[in-house]
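Keep the 3D view at hand as you read.

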Amino acid sequence: MVTHLEKQQAPTGMASCRFCGTALRHTFVDLGMSPLCESYLSAEQLNQMEPFYPLHVYVCEACFLVQLEEYVSPEHIFTEYAYFSSYADAWLRHARNYTDLMVERFGLNAASHVVEVASNDGYLLQYFVEKNIPVLGIEPARNVARVAIEKGVPTLVEFFGVACARRLAAEGKQADLLLGNNVLAQVPDLNDFVAGLKILLKPQGVITIEFPHLMRMVAENQFDTIYHEHFSYFSFITAEKIFAAHGLTLFDVEELPTHGGSLRIYARHAEDHSEPVGERAVALRRREQAAGIPDMAYYAAFAEQVKETKRKLIEFLIQAKRAGKSVAGYGAPGKGNTLLNYCGIRTDFVDYTVDRNPYKQGKFLPGTHIPIYHPDKIKETQPDYVLILPWNFKDEIMQQMAMIHAWGGQFLVPIPEVKVYP
Ligand SMILES: [Zn+2]
């Protein structure tokens, strides 16, 4: 479908845009060298060499896609993945609300087929199963897919793209609702992925895709959402361009609070005119234009903003340590690893972190080697500050951990800039 795009070949040694092929000459932000953010270490691995890769983000001057080069193959990243969606209550609520909304808006029932790409541990499809709506999950991480299957969510262990979509379509498994949450950013071959969506969608079917909104990342300094597993960062305007190149029209969009501000885009076949392009899509496109999304100057200011955020956080931690305070972390999310590695924060500032995911407990954060414990550790050691690394769940975490007030503990949130919550 993209053969009509003009491919400008990049000079040797220079990366090219994963959507349009233009040479990438403009840095968006350079976060230095960092380990893969999901590669948690066991005690034995602490004394071994650890691979670090550049976290250098570019913006394409032709289509404004913000992107990282693919330094590590997705097979390496995703076949044994530590992220289980079901460990976050807020995320499960989000999945349940989504299910209710889709069933009502598109009249889904026992005759419909819902397909989720990157279905993780079945955190979302389980709610469609509850309503007796047939589902299929597609998930490349074997250990995560196994959990979904045990839950009664049929799941294929596979990477999604044209080949997978063609096979499923030939088997009569096209989708009335085709969804992918937080997967678009992680797709190395973006054109193959979106072309696959087109193939797997029934003629009147609807695609919904959620991804972090680039405009929010820039406005709120969320540079820690950049990691090697996230190859692309999208504005609505650029997403619209990419889907259009594959014969898909974005007819609606919602702005969501998830992951610090996400978009849920609604797509249909360009040739299916049953859903007109709605007011929300038109309004967001206009707002992005006004903010400067289709203008290189918009992207140039981000790097300095990121450096200043680092200086402020380190400044705070130095003062706290000089005053004899103790600091513990809460959570071991990917974004925490970008933040801690970029800022050079190790056990000299943060004694340990805790996580509810038993897969991470007893391990160490990549690069910084901060140990990860069960959340009870906070009650035992009573730190003065608890640094919340998954700041997108900060309200939920502050509620869960309210007992730190008993010993005068305070919460620390690093993004958009360091702030104490007494
Ligand atoms: Zn491009």
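In this predicted model, three elements each supply at least two residues to the lining of the second largest pocket: α2 (89–106), β10 (248–256) and α14 (394–400). Helix α2 gives the largest share, 7 residues. The pocket holds about 580 Å³ of space. It is lined by 28 residues, and those closest to its centre are Pro 257, Thr 258, His 259, Gly 260 and Asn 392. What classes of residue make up this lining? The lining divides into 12 nonpolar, 8 polar and 8 charged residues.

Rolling a probe the size of a water molecule over the atoms shows where empty space is left. A search of the whole structure finds 1 cavity of 30 Å³ or more. About 30 Å³ of space lies in this largest cavity. Its lining consists of Ser 34, Pro 35, Cys 37, Leu 55, Tyr 227, His 228, Asn 337, Thr 338 and Asn 341. Helix α12 (residues 334–343) gives the most, with 3 residues. By class, the cavity lining has 4 nonpolar and 5 polar residues, but no charged ones.

Stay with one of those lining residues, Cys 37. Is Cys 37 buried or exposed? Its relative accessibility is 2%, so Cys 37 counts as buried. The search of the whole structure finds 0 disulfides.

Other cysteines hold a metal. Which residues coordinate the zinc ion? They are Cys 17, Cys 20, Cys 60 and Cys 63, each through its SG atom, at 2.3 Å. The 4 donor atoms subtend angles of 102 to 120° around the zinc ion, so the arrangement is tetrahedral. For comparison, the ideal angle for four tetrahedral donors is 109.5 degrees.

Next, follow these donors along the chain. Their spacing is C-x2-C-x39-C-x2-C. Cys 17 and Cys 63 link distant parts of the chain, 46 residues apart. Cys 17 sits in the segment before β1 (26–34), while Cys 63 sits in the loop between β2 (53–59) and β3 (66–68).

Conventions. Residues numbered from 1 in each chain as written. Predicted model: local features only at pLDDT ≥ 70, side-chain atom pairs only at ≥ 80, totals over all residues. Heavy atoms only, no water. Donors = N, O, S within 2.8 Å, 3.2 Å for Na, K, Ca; no water. Tetrahedral: all angles 85-135°; square planar, octahedral: opposite > 155°, others 65-115°. Helix = DSSP H or I, 4+ residues; strand = E, 2+ residues; numbered from the N terminus. 1 Å grid on protein atoms, 1.4 Å probe; cavity = no way out; pocket = protein on both sides within 12 Å on 5 of 7 lines; lining within 4 Å. Points joined across faces, edges and corners; volume = space filled by probe spheres on them. Nonpolar A, V, L, I, M, F, W, Y, C, P; charged D, E, K, R; others polar. Disulfide = S-S within 2.5 Å. Buried < 20%, exposed > 50% of the residue type's maximum accessible area, 1.4 Å probe, protein only.
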